[in-house]
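Please examine the sequence and the three-dimensional model shown below before reading on.

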Amino acid sequence: MNNEVQRPKTKKPIDWSSVKRILVVRLRSIGDTVLSTPSLIALRRFLPDAQIDILLEDWVAPLLDGYEEIDNVIKLGDSKLKTARKIRSEKYDVVINLHGGTTSTFFTRFSGAKHRVGYADYPYSFLYNHLLTSSADFWHTEKTHSAEQQLALLGFIGIPVEDKPKSKLVVLQNIAVRSSKLPFALIHPAAAFSTKQWSAENFAEISEFLVQNGLQIVAVGTKKEREVFDELRKFSQVPIVCYDNLTLPQITNLASRAKIFVGNDSGIAHIAAAVNTPSVVVFGSSNRAHWSPWTEAKNAIVYEKLPCQPCAGYVCKEFGEPKCILSVKVKDVKLAIEKVLF
């Protein structure tokens with residue numbers, strides 16, 4: 001097989017010498033935003049003097065506070081029309097849609113940009129004039145990571161991405177959260193769906209194991225996840241400091257100071273990876289090839305292989321209960337921690 005990266009032809013090749021303003025569209029979650037940072041790094045490296053902006057959901061936008069690779073974050077709040085007008089007023093030359101949903105396609109088209117970049121399977125793909133068939137076609141491999149899928153769109157339009165930059169976040173120092181002066185492990189025992197959430201009882205046992213290895217325990221989550229914290233404390237025989245009210249920059253700062261992150265496949269896991277914290281991530285229903293830590297830091301993923309995995313992950317249609325995450329053994333997570341820590 002020819003390993004050289006091939007770039008399918010676009011309908012209207014971009015004259016990069018004339019490009020002054022670029023918008024990257026990346027809606028949705030924490031993990032999606034973190035995994036867009038390799039693309040932002042590649043863009044800034046290629047176009048050091050261009051205006052590079054990004055459209056994010058307003059609640060996740062603080063994640064990129066202080067990010068030098070971008071000039072402006074446009075926040076999508078309640079008013080889509082106001083956001084659309086703001087985008088239109090900037091007169092972007094190129095809009096790269098890393099998301100692909102209907103809303104992001106609307107903003108891409110309404111921008112009025114001469115060059116609109118996306119994938120051929122996006123809804124309303126006729127509204128784009130640079131369409132890549134698939135990231136697998138670009139990289140010549142069957143499976144691709146989320147970061148690779150986003151980088152492929154840039155490579156497709158002529159931006160160098162062959163080195164595949166890793167995810168990166170800025171650690172702001174003026175928002176540090178109090179934590180033990182002793183070395184600590186950061187854990188995230190919650191997840192968006194039951195098919196991705198390892199039990200609090202298991203995390204309690206892991207917490208005890210980490211304490212035995214000289215680490216204090218700090219857990220992070222949201223106010224909606226307080227019940228998980230309560231269960232964690234109930235099962236644990238060691239002290240656990242729980243934070244449910246931190247901002248995303250505070251979580252990033254905290255993660256950067258941890259000796260190790262242990263948690264479910266989630267946005268917090270990607271934050272830890274982006275600040276080069278060693279990590280162990282427990283996988284249930286989600287796609288390991290697509291969502292594993294994209295980092296140079298030591299990391300391990302722990303899972304039980306099942307023929308139905310990966311799946312959409314909202315409910316388990318195969319067994320009636322999420323056997324994939326329920327089958328993950330504590331001993332395997334401990335072994336992974338030893339591998340990453342020592």
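Predicted model: local features only at pLDDT ≥ 70, side-chain atom pairs only at ≥ 80, totals over all residues.

Residues are numbered from 1 along each chain as its sequence is written, and side-chain values use heavy atoms, with hydrogens and water left out. The pLDDT is the predictor's confidence in each residue, from 0 to 100. Its mean over the protein is 93, and 96% of the residues reach 70 or more. Residues 1–9, however, have a pLDDT below 50; this stretch makes 19 contacts in the model beyond near neighbours in sequence, a contact being heavy atoms within 4.5 Å.

Two packed helices are described by the angle between their axes and the distance between the axes. Helices (H or I, at least four residues) and strands (E, at least two) are DSSP runs, numbered from the N terminus. Axes are lines fitted to C-alpha atoms, for helices over the stretch in contact, and angles run from 0 to 180 degrees between N-to-C directions. Helix H7 (residues 200–212) packs against helix H13 (residues 330–341) at an angle of about 35°, and their axes are 10 Å apart. From H7, the contact involves Asn-202, Glu-205, Ile-206, Phe-209 and Leu-210; the residues of H13 in the contact include Val-333, Ile-337 and Leu-341. By class, the contact has 7 nonpolar, 1 polar and 3 charged residues. Here Ala, Val, Leu, Ile, Met, Phe, Trp, Tyr, Cys and Pro count as nonpolar, Asp, Glu, Lys and Arg as charged, and the others, Gly among them, as polar.

The backbone also deserves attention. Most residues other than glycine have a negative phi, and most peptide bonds are trans. Arg-28, in the loop between strand E1 (21–25) and helix H1 (30–34), has a positive phi near 90°. His-140 lies in the loop between helices H5 (135–139) and H6 (146–156), and its phi is positive, near 60°. Gln-309 and Pro-310 are joined by a cis peptide bond with omega of about 5°. Pro-310 belongs to the loop between strand E12 (299–302) and helix H12 (323–326).

Finally, consider the spaces within the model. On a 1 Å grid over the protein atoms alone, a cavity is a set of points where a 1.4 Å probe fits but cannot get out; lining residues have an atom within 4 Å of a point. Grid points are joined across faces, edges and corners, and a volume is the space filled by probe spheres set on the points. The structure holds 1 cavity of 30 Å³ or more. Among the residues lining the largest cavity are Pro-62, Asp-65 and Thr-252.

Definitions and conventions:
1 Å grid on protein atoms, 1.4 Å probe; cavity = no way out; pocket = protein on both sides within 12 Å on 5 of 7 lines; lining within 4 Å.
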